[in-house]
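My notes follow the order in which I checked them.

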Amino acid sequence: MSIPYAPVKLIRVPALCRSLPRWIPSSIRNRRLHSTKTVNEDELNGVFAVDKPADMTSNDVLSILKKSLNPQPRPLSSLGRDSGPRNDTPSSRPKKLKMGHGGTLDPFATGVLVVAVGSGTKSLSQYLACTKEYLVTGVFGSATDTYDLTGTQTHTAPHAHVTLSSLLAILPNFQGPIMQQPPLYSALKRNGVRLYDLARHAAATGRPDALKNIPLPDPRPVTIHELEVVDWITESPPRVTLRVKCSKGTYIRSLVHDIGKQVGSAAHVVELRRTRQGEWA
């Protein structure tokens with residue numbers, strides 16, 4: 001996917017990039033960075049978006065970018081014997097590149113991940129709070145503990161009765177303001193510990209009931225602005241692809257899980273792609 005960018009000023013970036021992956025936008029690979037204001041050419045400041053590949057965390061993306069864009073100090077061997085005393089004062093050392101992203105994507109998910117560097121990180125809060133859009137494919141007939149294909153199957157359910165008509169009949173129940181229960185495998189915290197860490201620790205014990213002893217997060221209000229079927233595959237088991245436009249805090253995995261239950265079956269996510277985050281698409 002080639003991500004189109006908002007019409008903002010292009011700032012030259014020093015020759016710091018080396019063999020960047022193809023999923024990094026051409027503006028970065030070509031040593032240019034989108035920015036909304038003029039800055040010193042020796043600094044990296046601005047906001048851009050990458051098309052995150054699957055099987056990579058959002059922090060993996062930042063790590064790759066930091067290694068590629070951050071200037072490295074010259075090795076001592078390159079200074080030579082007669083180069084004089086080293087200037088190793090704090091002001092002479094390369095600055096640590098400040099970088100962050102505007103909202104985590106699950107490792108298996110792909111699509112738009114907003115990244116900011118330097119002074120651009122001040123605007124990240126608006127991307128955490130903005131409306132987002134997704135394409136998600138769910139398969140009926142089984143559920144997993146993570147609500148997606150990366151988890152362990154928890155149970156199966158009948159699916160022969162699930163048709164496009166029966167699905168369309170219940171989708172309006174998930175549009176507008178709703179109360180949604182986040183999945184146990186989420187970045188939400190309980191007593192300072194991420195829930196997914198609690199869940200993984202419990203699963204590692206090997207006890208079948210270990211996960212049941214961890215209470216699910218409380219339901220919370222979210223808004224599904226738009227929800228439509230873009231593809232329906234009638235096979236065994238059936239699967240559906242939905243386009244979702246939603247508010248911050250919405251868990252698409254929970255949405256598919258809950259739709260599966262309401263249609264009298266079970267469901268989990270097998271593909272997830274963020275297609276828009278704020279003005280980035």
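The entries below concern a predicted model.

**Helix α2**

I began with α2, which covers residues 58–69 and has 12 residues. From first C-alpha to last I get 17 Å, close to the expected 16 Å. Next I looked up burial and found S58, V61, L62, L65, S68 and L69 buried. Seen down the axis of α2, these buried residues fall within an arc of 135°, so they line one face of the helix. On the other side of α2 I noted N59 and K67 as exposed.

**Aromatic pair**

The partners are F140 and W232, with ring centres 6.1 Å apart and planes at 50°, so I logged the pair as tilted. F140 sits in strand β6 (residues 132–140) and W232 in strand β12 (residues 220–233), so the pair ties together parts 92 residues apart in sequence. I checked accessibility for F140 and W232, and both are buried.

**Salt bridges**

My count of salt bridges is 7.

R273 bridges to D51, and their closest N and O atoms are 3.0 Å apart. R273 belongs to strand β14 (residues 267–277) and D51 to strand β3 (residues 46–52), so this pair ties together parts 222 residues apart in sequence. For R273 I have a relative accessible area of 21%, which is partly exposed. D51 has 13% and is buried. The cut-off for buried is under 20%.

I turned to R253 and D106, whose side chains meet in a salt bridge at 3.1 Å, N to O. This pair links distant parts of the chain, 147 residues apart: R253 is in helix α6 (residues 252–262), and D106 is in the loop between β4 (99–101) and β5 (110–117). R253 is buried at 5% relative accessible area, whereas D106 counts as partly exposed at 22%.

R243 is buried, with a relative accessible area of 19%, and E133 counts as buried at 15%.

Which residues do salt bridges with shared partners join into one network? I list E133, E226, E228, R243 and R276.

Technical notes. Residues numbered from 1 in each chain as written. Predicted model: local features only at pLDDT ≥ 70, side-chain atom pairs only at ≥ 80, totals over all residues. Heavy atoms only, no water. Helix = DSSP H or I, 4+ residues; strand = E, 2+ residues; numbered from the N terminus. Expected span 1.5 Å × (residues − 1). Buried < 20%, exposed > 50% of the residue type's maximum accessible area, 1.4 Å probe, protein only. Arc of directions from axis to C-beta. Phe/Tyr/Trp six-rings, centres within 6.5 Å; stacked < 30°, edge-to-face > 60°. Salt bridge = Lys/Arg side-chain N within 4 Å of Asp/Glu carboxyl O.
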